[in-house]
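Subject: Structure handover

Hi,

Here is the structure we talked about. Please open it alongside this note; my findings follow below.

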Amino acid sequence: MTARSGQAFETGQVLSDVEALLTQPIPTAGPTVSEGETDTGEWTVTRGEGFLIIPLWESDNLTGLYEPEWNKAVETAEEHLTDLVRELDHRWGTHRKVAMHVPLFRKQAGEPLSPLFQALLDKDCYGDLAVWGPVSARRWVAVSVGHSDGDAPMIMVAAVCDRPITELEQQP
């Protein structure tokens, strides 16, 4: 699924990847484009108007796992995210939570979304975002972990944006 498949989670490496993402040029306009490894096609980055998204880590596939192994795999992914968020909170202050259920409901209703939320959902990144910003050069950072269904691997992602990442309001 992603170029991070099979890699062990290492907080230091993931932090380094987030910091490197902050230095990358962000498209100011244009379509959203996902790129992959040339030999495997596994996802490496998505670029769109005002943002970049990269996979940071991918768990093993959850196919065939049942309780308690399935629960342990999900808990491990959430613990990895907690470790990363704790480190980023030390660097940038307390994060804000941006829920992803509203963008998901809007997508299901066929309503338009910002390019960032559309790209996250297109990559099955349904986990709520931990957001900081602006952190440097007027850039906002978000991280999350989640999966598209019970058998899919857990995927941790980071996004960097040149505009604020704000929670969408629920529509009446």
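The buried residues of helix α4 pack against β2 (43-48), β3 (51-58), β4 (96-98), α3 (101-108), β5 (129-136) and β7 (155-161). Those buried residues are Leu116, Phe117, Ala119, Leu120 and Leu121. The helix itself covers residues 115-122. Just after α4 comes aspartate 124, with a positive phi of about 60°. One caution before you read on: this is a predicted model.

**Helices α1 and α2**

How are these two helices arranged? Helix α1 spans residues 11-22 and helix α2 spans residues 69-92. They pack at an angle of about 50°. Their axes are 10 Å apart. The two helices are therefore oblique to each other. The crossing of α1 past α2 is right-handed.

Which residues make up the contact between α1 and α2? From α1 come Thr11, Val14, Leu15, Val18, Glu19 and Leu22. From α2 come Asp83, Leu84, Glu87, Leu88, Arg91 and Trp92. By type, this contact has 7 nonpolar residues, 1 polar and 4 charged.

On the pattern along a helix: an α-helix has 3.6 residues a turn, so residues three or four places apart point the same way.

**Leucine 22**

Leucine 22 is worth a look of its own. This residue lies in helix α1. Its relative accessibility is 13%, so leucine 22 counts as buried. Set aside its neighbours within four places in sequence. Leucine 22 is then in contact with Trp92, Val135, Ser136, Arg139, Val141 and Val160. Leucine 22 and alanine 137 are 115 residues apart in sequence. In space, their C-alpha atoms are 8.8 Å apart.

Start with the peptide bond from glycine 133 to proline 134. This bond is cis, with omega near 0°. Proline 134 lies in strand β5.

Next is the loop between β5 and β6 (139-146), where alanine 137 has its place. Phi of alanine 137 is positive, near 45°, in a residue other than glycine. Is alanine 137 buried or exposed? Alanine 137 is exposed, because its relative accessible area is 73%.

Arginine 138 lies in the loop between β5 and β6 too. Its phi is near 55°, again a positive value in a residue other than glycine. Arginine 138 has a relative accessible area of 58%, so it is exposed.

**Cysteines**

A disulfide is a covalent bond between the sulfur atoms of two cysteines. How many disulfides does a search of the whole structure find? The search finds 0. Cysteine 125 is in no disulfide. Its nearest cysteine sulfur is that of cysteine 161, 13 Å away. The cut-off for a disulfide is 2.5 Å between the sulfur atoms. Cysteine 125 has 5% relative accessibility, so it counts as buried. Cysteine 161 is in no disulfide either, and its nearest cysteine sulfur is that of cysteine 125. Cysteine 161 also counts as buried, at 2% relative accessibility.

**Histidine 80**

Histidine 80 sits in helix α2. Is histidine 80 buried or exposed? Histidine 80 is buried, with a relative accessible area of 17%. The cut-off for buried is under 20%. Apart from neighbours within four places in sequence, histidine 80 is in contact with Phe9, Trp57 and Met156.

**Proline 27**

Where does proline 27 lie? Proline 27 is in the loop between α1 and β1 (33-36). Its relative accessible area is 22%, so proline 27 is partly exposed. Residues up to four places away in sequence are not counted in what comes next. Proline 27 touches Arg47, Gly48, Glu49, Gly50, Phe51, Leu52 and Asp162. Phenylalanine 105 is 78 residues from proline 27 along the chain. The C-alpha atoms of proline 27 and phenylalanine 105 are separated by 27 Å.

Best wishes

Key:
Residues numbered from 1 in each chain as written. Predicted model: local features only at pLDDT ≥ 70, side-chain atom pairs only at ≥ 80, totals over all residues. Heavy atoms only, no water. Axes fitted to C-alpha atoms, helices over the stretch in contact; angles between N-to-C directions. Helix = DSSP H or I, 4+ residues; strand = E, 2+ residues; numbered from the N terminus. Parallel < 35°, antiparallel > 145°, perpendicular 65-115°, else oblique. Left-handed = near helix turned anticlockwise from the far one by under 90°. Contact = heavy atoms within 4.5 Å. Nonpolar A, V, L, I, M, F, W, Y, C, P; charged D, E, K, R; others polar. Buried < 20%, exposed > 50% of the residue type's maximum accessible area, 1.4 Å probe, protein only.
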